[in-house]
Amino acid sequence: MNRKMILHILGKMMGVEGLLLLIPALVGLIYQEKCAVYFVITAAVLAVIFLLTGRKKPENTMLYGKDGLLIVSSAWILWSLFGALPFFLSGSIPNYMDAFFETVSGFTTTGSTILKDVEVLPQCMTFWRSLTHWVGGMGVLVFVMVLTNLDKQSSIHLMRAEVPGPEKDKLVPKSRTTAQILYGMYFILTAIQVVLLLLGGMNLFDSLIHAFGTAGTGGFSNYADSVGNFDSAYLDGVISVFMILFGINFNLYFFLAVREFKLVFKNEELRAYLLIISGAVVMIMINIYPIYGSVAEAFRYSAFQVASIITTTGYATADYMLWPEFSRCVLVALMIIGACASSTGGGIKVSRLLISLKSIYKEIKQMLHPKSVNVVKLNKKKLGEDTIRNVYVYLLAYITLAIVSVLIVSLDNFDFETTVGSVITALGNVGPGLGMTGPVGSFADYSLMAKFVFCLDMLAGRLEIFPFLMLFSYVWRKKF
């Protein structure tokens with residue numbers, strides 16, 4: 001383990017977060033809000049940490065796989081701890097645990113909130129709250145790699161630890177160049193959405209807030225009734241389309257850019273993702289038709305909520321807790337499935353679902369024809385046993401963590417639907433849950449212990465469990 005290099009990278013990351021905090025400070029200056037000073041104070045503290053640990057690079061810059069896992073998990077926690085300070089110091093969120101919860105929810109693009117009235121937040125705090133979505137969407141370390149030269153040696157370990165999905169690939173040989181390509185596409189899509197939202201009548205501030213939430217598939221809005229506040233079919237449509245776009249594997253956008261159209265159209269995960277969305281929209285639309293009495297209205301609300309839940313964005317235009325049980329069950333299934341690998345969405349990922357189903361089919365064929373040779377393929381490529389085993393272990397860890405979390409959270413003695421829904425939405429980085437934590441509710445009434453568990457779940461879900469769990473083991477201390 002290269003401890004000096006780990007400390008150097010973490011120090012550099014603190015410096016980048018300090019610079020990032022100056023953006024909401026500027027927003028506060030524009031709106032003449034005194035609380036903007038707390039962003040400057042926090043940025044100054046982070047600048048000192050950078051000067052002490054991140055300025056001078058050690059002689060040995062080599063990083064190993066376990067170093068990457070440790071750096072990524074530590075970085076997300078540290079960014080959340082310091083990112084919560086402006087909320088706490090300003091009194092916008094008086095309890096530090098609540099401020100930490102809100103910041104973790106932002107960076108992990110979960111979108112769950114402890115705020116019962118988001119509209120009372122100062123503009124600079126609202127902006128920072130949503131900006132955490134945009135930065136966390138592609139990954140805080142990927143963001144830092146775009147701005148710095150962290151990848152001189154072995155930085156692929158950093159991207160492998162942070163980019164979601166069962167397989168991690170670089171688009172080009174250098175990790176920093178890959179990170180720049182990813183964020184370039186990310187920025188362009190965000191900018192296009194901002195323009196389209198402006199054309200729909202949103203002001204610039206609202207457009208940025210909702211574009212950040214859509215791009216990061218986070219879902220923080222500056223209105224209590226979320227996107228439903230605008231009551232616009234056009235805005236619903238724009239946000240729905242972009243939620244789906246940001247839930248697609250970003251590697252496919254790269255292939256489109258280099259005109260590798262066959263790789264896009266033949267991608268099994270993309271086809272399954274779009275098929276799941278289409279099927280869910282039709283089923284829910286039929287189920288809720290009696291409520292709205294119009295096919296167009298039923299389609300509008302069904303499409304938006306399906307796009308919001310499967311991409312784990314969490315925006316809402318309707319209270320789905322008032323929908324029939326069947327529709328709610330479909331949405332819960334979408335919460336668990338999530339978006340595509342290497343997207344900004346959460347959940348277990350469509351690719352893992354496909355690999356699991358193909359593995360089950362393989363085992364059935366093997367039982368019927370014991371002497372036959374069967375392999376699991378995805379996009380016509382044979383998957384290695386390591387990849388398949390990783391999927392199995394991930395799903396087992398996901399289920400185990402969910403069960404343990406439900407048991408701990410149940411000590412708060414809320415109803416079963418609320419308890420289970422809250423854990424699922426935290427682990428899947430979805431945002432709204434069920435019952436008390438539904439689209440019009442919040443996590444405010446949970447105990448500090450439960451909120452701490454939710455923070456762990458949100459971080460574990462965003463980091464695909466293993467990098468985060470590594471912090472609680474001593475495996476990384478062993479010399480291997």
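This is a predicted model: local features need pLDDT of at least 70, side-chain atom pairs count only at pLDDT 80 or more; totals for chains, interfaces and linings use all residues.
**Stop 1: around Asp231**

Now colour by secondary structure. Asp231 sits in the loop between helix H10 (204-215) and helix H11 (233-246), while Arg300 belongs to helix H15 (residues 295-310), so the bridge ties together parts that are 69 residues apart in sequence. Arg300 counts as buried, at 16% relative accessibility, because the cut-off for buried is under 20%.

Look down the helix: Glu297 and Arg300 are three residues apart in helix H15, so about one helical turn separates them. Glu297 is partly exposed, with a relative accessible area of 30%.

Asp231, Asp236, Glu297 and Arg300 are linked in a network of salt bridges.

**Stop 2: a bridge across the chain**

The structure holds twelve salt bridges. For another of them, select Lys116 and Asp445, whose closest N and O atoms are 3.2 Å apart. Which parts of the chain does this pair link? Lys116 is in the loop between helix H5 (96-107) and helix H6 (123-138), and Asp445 is in the loop between helix H19 (416-427) and helix H20 (448-462), so these are distant parts, 329 residues apart. Lys116 is exposed, with a relative accessible area of 62%, whereas Asp445 counts as partly exposed at 45%.

**Stop 3: aromatic rings**

How many aromatic pairs does the structure hold? There are 25. Start by zooming in on Tyr223 and Phe230. Their ring centres are 5.4 Å apart and their planes stand at 85°, so the pair is edge-to-face. Tyr223 is partly exposed, with a relative accessible area of 22%, and Phe230 is also partly exposed, at 21%.

Then jump to Phe443 and Tyr446. This aromatic pair is tilted, at 5.9 Å centre to centre with 35° between the planes. Phe443 is buried, with a relative accessible area of 2%, and Tyr446 counts as buried at 4%.

**Stop 4**

Bring the surface back. Select Leu19, Leu22, Val37, Val40, Ile41, Val45, Phe88 and Leu89, which make up a nonpolar patch with about 640 Å² of accessible area together. Colouring by helix shows where the patch comes from: helix H1 (3-30), helix H2 (37-54) and helix H4 (85-90) each supply at least two of its residues. Which helix gives the most? That is H2, with four residues. Click on Ile41 as an example from H2; this residue counts as partly exposed at 40% relative accessibility.

For a patch of another kind, select Lys262, Lys266, Arg271 and Lys380. These residues gather in a patch of positive charge on the surface. Lys262 is found in helix H13 (residues 261-265) and is exposed, with a relative accessible area of 65%.

**Stop 4: two asparagines with positive phi**

Switch to a backbone view and pick Asn379. This residue has a positive phi of about 55° although it is not a glycine. Asn379 lies in the loop between strand E1 (377-378) and strand E2 (381-382), and at 28% relative accessibility it counts as partly exposed.

Last, go to Asn429. Here too phi is positive, at about 55°, and again the residue is not a glycine. Where is Asn429 found? Look in the loop between H19 and H20. Asn429 counts as buried, at 1% relative accessibility.

Key: Residues are numbered from 1 along each chain as its sequence is written. Side-chain values use heavy atoms; hydrogens and water are left out. Patches are made of residues with over 30% relative accessible area and no salt bridge: like charges are joined within 9 Å, nonpolar side chains (Val, Leu, Ile, Met, Phe, Trp, Tyr) within 5 Å. Accessible areas come from the Shrake-Rupley method with a 1.4 Å probe; for residues, only the protein chains shown count as cover. A salt bridge is a side-chain nitrogen of Lys or Arg within 4 Å of a carboxyl oxygen of Asp or Glu. Lys and Arg count as positive and Asp and Glu as negative; His and the chain ends are not counted. The place of a charge is taken as NZ of Lys, CZ of Arg, CG of Asp or CD of Glu. Buried means under 20% relative accessible area, exposed over 50%, partly exposed in between (1.4 Å probe, protein chains only). Rings of Phe, Tyr and Trp (its six-membered ring) pair if their centres lie within 6.5 Å; planes under 30 degrees apart count as stacked, over 60 as edge-to-face and the rest as tilted.
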